[in-house]
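Please view the structure before reading on.

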Amino acid sequence: MTSVGIIGSGISGVQLALRLQQLGIAATVYSTQDIDQLKSGRPRNFPARFAPTQERERRLGVSAWDFPDAQVHHWSISVHIDGPALAFPARLAPPSSVVDFRLYLPHLLGEFVERGGTLDVGEPAVEDVARRHDLTVVANGSRSLRELFPPVPERSPHTTPQRILCSGLYFGIDEAVPHSLDIHFLPGIGEILRLPFFSPAGRVDVLAFEAVPGGPLETVSHLDADADPGAFHRAVLDLVATYAPSLRERIDTGDFALISPGEVAQGGITPVVRRGWARLADGRCALAIGDAWITNDPLTAQGANLGSHSAFALAELVSTARGPYDEEFCRSASAALWEHARHVVEWSNAFLDAPAPHVSALFAQAAADRRVADAFVSGFHDPVAMWRTLSSEEGVASFVAACRSGTPAEPSPVGPHPTGPRQR
């Protein structure tokens, strides 16, 4: 009987384990934390899971957050280019799901174990795992494991963080529209986001700064929120007042605070694509997915969704394989997964640069026509199709025309060059 060892208990690893379990393939999850430990600690990310990921969760039988306090139904977008901000609302249909991974991952892993899956808590060497299983999959993005999979330069245009992040969970922020997200694009400076989030404390708000390195938003990323909470909160409020005044108006200074000490994540993330497989010392091979393979900047919220897609796609490849799970399988499986992932990577990298003229024009069209706005925002459910559309002036023109006619646009074919919604 085929046996798969999965190193890592993030969304990629756990969804892969659950899907293999459904397909009748034995899987063992190797995690550095047990289920109770996954429920604790600082927040590491603030994922939004779009409709395709939620549908995969329903197929797995692990969907548990289909209620308004864990959903985003609307976006409010402000683009600060020249003069007054260009602002427009949009409806996200279906809604995204926003659940703290300290709730999400223990639930999924608990379901895996309850259904008979094996959880091994510890840090075994990859070679030891490989000796126990027909296939080893690394879904853990820790530094020691990433070293197995070197960066691929032609797929990794950045070698340093393109944003310095400061994201936290807060009380004291009101919504202009219930169950909505606010995003302020500040070209050359970064982005400020606010979104509802379902956390261990219930419904709270994420307030996030994505700072262009060296810019004015970066300052809060270097403040110690635990050492001097008052100074940290004042600095946050000053930045919001300066760069997103409409959001500042909805913050109650008396109630505004992190939901508890430590509920903040700070630092830089370098977008990178690593080689998707590794040959081990004994000749066996390991396959990479999730953060071990690809790290995207969180601005477009595609990390968890790409991880889920890759997990399901890999499970199907494993279940239909006719030969051994050797180097040839790992190479071909990684190549197959890249056919989807490459568009997500290009889409995510493009959003880190100043908007191309045809994308600025699209924002103007969205501000003038709600149909365009709704279609643009709902396109975040399908970054592959939206990248095909937004990567050229012709694609945008076709997209806008289709929105106005009520006819769904066929995505433009991907061109041979990486010109995208934001110029590099």
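## Sheet and cavities

Gly5 has Thr28 of strand 2 as its bridge partner. The model is predicted: local features need pLDDT of at least 70, side-chain atom pairs count only at pLDDT 80 or more, and totals for chains, interfaces and linings use all residues. Residues are numbered from 1 along each chain as its sequence is written, and side-chain values use heavy atoms, without hydrogens and water.

Strand 1 (residues 3-7) and strand 2 (residues 26-31) run parallel and are joined by five bridges. Strands here are DSSP runs of E with at least two residues, helices are runs of H or I with at least four, and both are numbered from the N terminus. Two strands pair if DSSP finds at least two bridges between them.

An open sheet of six strands has the order 5-2-1-6-15-14, with mixed pairing. Strand 5 (118-121) and strand 14 (277-279) are at the edges with a single partner strand each, so one side of each has no neighbour in the sheet.

Two cavities of 30 Å³ or more are found in the whole structure. A cavity is a set of points on a 1 Å grid over the protein atoms alone where a 1.4 Å probe fits but cannot get out; lining residues have an atom within 4 Å of a point. Points are joined across faces, edges and corners, and the volume is the space filled by probe spheres set on them.

| Cavity | Volume |
|---|---|
| Largest cavity | about 70 Å³ |
| Second largest cavity | about 30 Å³ |

Helix 3 (residues 51-60) gives the largest share of the lining of the largest cavity, three residues. Among the residues lining the second largest cavity are Arg155, Pro271 and Asn349.

Note on methods. 1 Å grid on protein atoms, 1.4 Å probe; cavity = no way out; pocket = protein on both sides within 12 Å on 5 of 7 lines; lining within 4 Å.
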